[in-house]
Structure formats: structure tokens, C-alpha cells
Amino acid sequence: MTTLSDIISFESLNPGRSRDWSCAQDLCLTCANCSGACPVAGVDDFDPRKVVRMVAMGMTDQVAAERWPWICTMCGKCEQVCPMGIAIPDLMRRIRSLRSRDKIPGILQGGLDNALRTGNNLALPREDFVFILEDVGGEIAEEEGFETFMVPIDKQGANILTTIHNKLVNTHTEDLKHWWKIFHAAGEDWTVASDNWEGTSWGYFTGDDEAMKTMAGRIVENMRRLKAKTLLWPE
Ligand code: SF4
Ligand code: SF4
């Protein structure tokens with residue numbers, strides 16, 4: 001007969017590691033509401049209830065080695081239906097933080113390293129960034145009704161400072177136009193910083209709180225430097 005000790009190596013359990021986590025995982029009732037709400041439950045056997053239970057039991061090393069925490073989109077649907085208020089997306093981030101940084105899947109860590117080193121995930125030099133913005137701005141100015149349009153880069157005292165998602169200066173420059181045309185039509189007083197403009201913090205996805213703090217701090221510094229009144233951080 002299969003016993004629990006055949007399935008779980010009790011020596012490997014590490015309940016102390018998650019004891020300080022404020023995700024309330026120990027309160028789980030095993031009701032499976034989270035599993036029912038999760039849009040990716042079932043992908044590669046991922047199940048949020050299973051992950052919560054593993055953490056509550058101290059199986060942090062095992063779950064950190066799995067792909068499951070990286071399948072989670074951190075949409076938060078599970079959290080909304082959990083009767084015990086368990087912070088499941090936060091739990092997933094805590095598990096991700098246990099991964100060695102050289103084992104982070106995909107391009108996330110490379111982009112984050114770029115952002116910490118250069119101020120954006122693409123490691124795009126300042127002059128290239130400014131060239132792209134001005135080029136896109138020039139295309140808008142060729143359109144009827146937008147003849148006076150200019151991109152206000154590093155404008156002092158603007159009402160809005162907006163961050164930019166790296167893909168908008170890479171593969172989706174048309175999307176920049178949608179934002180900027182709305183600003184223009186609304187008569188908005190806005191600006192964009194020429195450094196540390198990255199609005200996508202992959203520290204969020206990799207469970208790296210220190211990286212998130214660094215990048216958020218740079219945006220705050222841009223607000224101070226440019227004396228902007230309102231931050232628009234679409235990501
Ligand atoms: S946050 Fe993650 S676990 Fe929760 S519902 Fe969304 S994808 Fe599923
Ligand atoms: S919804 Fe909450 S209480 Fe129910 S199984 Fe999921 S984590 Fe546990």
C-alpha cells in the first residue's frame with residue numbers, strides 16, 4: 001500500500017521558510033475555488049490549490065523547482081474567489097524569488113538585467129530612444145489635424161509624465177501614436193523622460209522586489225527632476 005511517506009520526503013519539508021510569508025497559505029480549506037477560477041489550471045498539471053497546499057506543508061523547494069509558478073499569469077482571479085483571502089499571486093511571486101537567477105525562464109532575467117544596467121529592458125541607448133520618439137512624432141505631424149504635434153521629451157513642469165512599455169519603441173510604435181493623439185486632442189500637458197523611461201518592471205514577474213524598488217525609485221526621481229504633477233504608469 002502506498003503511504004504518505006512514499007509520496008513526500010518528510011526530511012525535505014521546510015515549513016520554516018514560508019512561515020513568515022504573509023500570504024495566509026496556512027488557512028487554505030482545500031475548497032478548490034481557486035482552481036475553478038484559474039484560467040491556466042490544468043496546463044502541465046498546474047493547479048493553484050496544489051501549489052498553496054505544497055507551500056503550506058513546507059514543500060517550498062519542490063514547488064520552486066517546478067514550472068508551475070511560472071505558468072501562473074498573476075491575474076488574481078483565484079484571490080478574488082478564495083474564501084480565506086489567501087494572496088495566491090503574492091505566493092507565486094515568493095516562490096519565484098526562490099529560483100536561482102540563472103534559472104529564470106525565458107527572456108525575463110536578461111531584460112531585467114538590461115533595465116537595471118541601462119534604464120530599459122532593451123538596453124536601448126538614449127539617442128536611439130529619442131530618435132524613435134521624434135521619428136514617430138514626425139509621422140503624426142504629417143497627418144491632417146496634427147500639424148503642430150511634437151513629442152515633449154524631458155519637459156519641465158508638465159501635468160503628466162508617462163512611462164513607456166519597451167515594445168512600443170521596438171515592434172509596436174503604432175501604439176504610441178494612439179496615446180499621443182489622445183493627449184494632443186485633449187490638449188494635455190505631458191512629457192516623457194529620455195532616461196529610465198521603462199514602464200515594464202520584470203522584477204515583478206521574477207519575484208525580485210529589490211529590482212522593482214530600484215526601477216520604481218528611478219521613475220519617482222524622474223517625477224522630481226522634471227517636476228511633473230501626475231504619473232501615468234500604464235503597465
Ligand atoms: S493568479 Fe495565477 S493561480 Fe491565480 S487565477 Fe490567475 S493564473 Fe491562476
Ligand atoms: S480557494 Fe483558497 S481556501 Fe480554497 S483551495 Fe484555493 S487557496 Fe485554498
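Helix H3 (33-37) and helix H4 (48-56) each give at least two residues to the shell around ligand 2. Helices are DSSP runs of H or I with at least four residues, strands are runs of E with at least two, and both are numbered from the N terminus. This is a predicted model: local features need pLDDT of at least 70, side-chain atom pairs count only at pLDDT 80 or more, and totals for chains, interfaces and linings use all residues. Residues are numbered from 1 along each chain as its sequence is written, while chains are lettered from A and ligands numbered from 1 in the order in which they are written.

**Ligand shells**

- Ligand 2 is surrounded by 13 residues, and the closest are Cys28, Cys31, Asn33, Cys34 and Cys82. A residue counts as near if its C-beta atom, placed from the backbone, lies within 6 Å of the molecule.
- The shell around ligand 2 holds 10 nonpolar, 2 polar and 1 charged residues. Nonpolar covers Ala, Val, Leu, Ile, Met, Phe, Trp, Tyr, Cys and Pro; charged covers Asp, Glu, Lys and Arg; the others, Gly among them, are polar.
- Around ligand 1 there are 14 residues, with Cys38, Pro48, Cys72, Cys75 and Cys78 nearest. Helix H7 (77-81) and helix H8 (88-97) are the elements that give two or more residues to this shell.
- The shell around ligand 1 splits into 11 nonpolar, 2 polar and 1 charged.

**Sheet**

- Three strands form an open, parallel sheet in the order E2-E1-E3. Two strands pair if DSSP finds at least two bridges between them.
- Strand E2 (190-191) and strand E3 (230-232) are at the edges, each with a single partner strand, so one side of each has no neighbour in the sheet.
- Strand E1 (residues 160-162) pairs with E2 in the parallel sense over 2 bridges. Ile160 has Trp190 as its bridge partner in E2.

**Overall build**

- The protein has 13 helices and 3 strands.
- Domain 1 covers 10-99 and domain 2 covers 121-232; the bounds come from an automatic or database domain assignment.
- The C-alpha centres of domain 1 and domain 2 are 35 Å apart.
- Along its principal axes, the C-alpha trace spans about 80 × 35 × 30 Å.
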